[in-house]
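Hi there,

Here is the structure I promised to pass on to you. Have a look at it first, and my notes on what turned up follow below.

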Amino acid sequence: TKVAEDVGVPTEVIAHLPGWRESGLFSAEEKAALDYTEALTTYDHVDFGHRHLELRQHFAEALVAEIAAVVINMNVWTRLKLAQGATPRVKAK
């Protein structure tokens, strides 16, 4: 959340991320990228190929590779932190 805020993502968009499928704030391209990101993180082999093809309808292969690299990198760092005993912090209200 902090990084998103720091790079200028509007608070409203950040708040809608958990419900991105139902939200009207995201474009078809953004929804394809979010769907691909979730699929790459959880890897559902049944539907992953379809999600990749959907993403390719919006982005060139080089950009798809870049998106995948960012997702993979973030997943690696998250899992390393979890392996070290870290737990996600919940922002106090």
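Just after helix H5, Gly85 takes a positive phi of about 100°. (Helices here are DSSP runs of H or I with at least four residues, strands are runs of E with at least two, and both are numbered from the N terminus.) Another positive phi belongs to Tyr43, which follows H3 and has a value near 45°.

Before going on, please keep in mind that this is a predicted model: local features need pLDDT of at least 70, side-chain atom pairs count only at pLDDT 80 or more, and totals for chains, interfaces and linings use all residues. Residues are numbered from 1 along each chain as its sequence is written, and side-chain values use heavy atoms, with hydrogens and water left out.

The overall picture

Of the 93 residues, 19% are buried, where buried means under 20% relative accessible area, exposed means over 50%, and partly exposed lies in between (1.4 Å probe, protein chains only). Taking contacts (heavy atoms within 4.5 Å) between residues at least 6 apart in sequence, 30% join residues at least 24 apart.

(The expected span is 1.5 Å times one less than the number of residues.) Buried in H3 are Ala32, Ala33, Asp35, Tyr36 and Ala39. Seen down the axis of H3, these buried residues fall within an arc of 165°, so they line one face of the helix; the arc is that of the directions from the helix axis to the C-beta atoms. They pack against H4 (48-56) and H5 (61-83).

In H4, the buried residues are Phe48, Arg51 and Leu55. They cover an arc of only 60° around the axis, which puts them on the same side of H4. His50 and Leu53 are exposed on the other side of H4. The cover over the buried residues of H4 includes H3 and H5.

H5 has 23 residues and reaches 32 Å from its first C-alpha to its last, close to the 33 Å expected at 1.5 Å a residue. Val64, Ile67, Ala68, Val71 and Asn75 are its buried residues, and they pack against H3 and H4.

Two residues to look at

Is Tyr36 buried or exposed? Tyr36 is buried, with a relative accessible area of 4%. This residue of H3 is in contact with Phe48, Arg51, His52, Leu55, Val64, Ile67 and Ala68, leaving aside its neighbours within four places in sequence. Tyr36 and Leu53 are 17 residues apart in sequence, and their C-alpha atoms are 9.6 Å apart in space.

Asp47 sits in the loop between H3 and H4 and is partly exposed, with a relative accessible area of 33%. Asp47 and Asn73 are 26 residues apart in sequence and 22 Å apart in space, C-alpha to C-alpha.

Happy browsing, and do write back with any questions.

Best wishes
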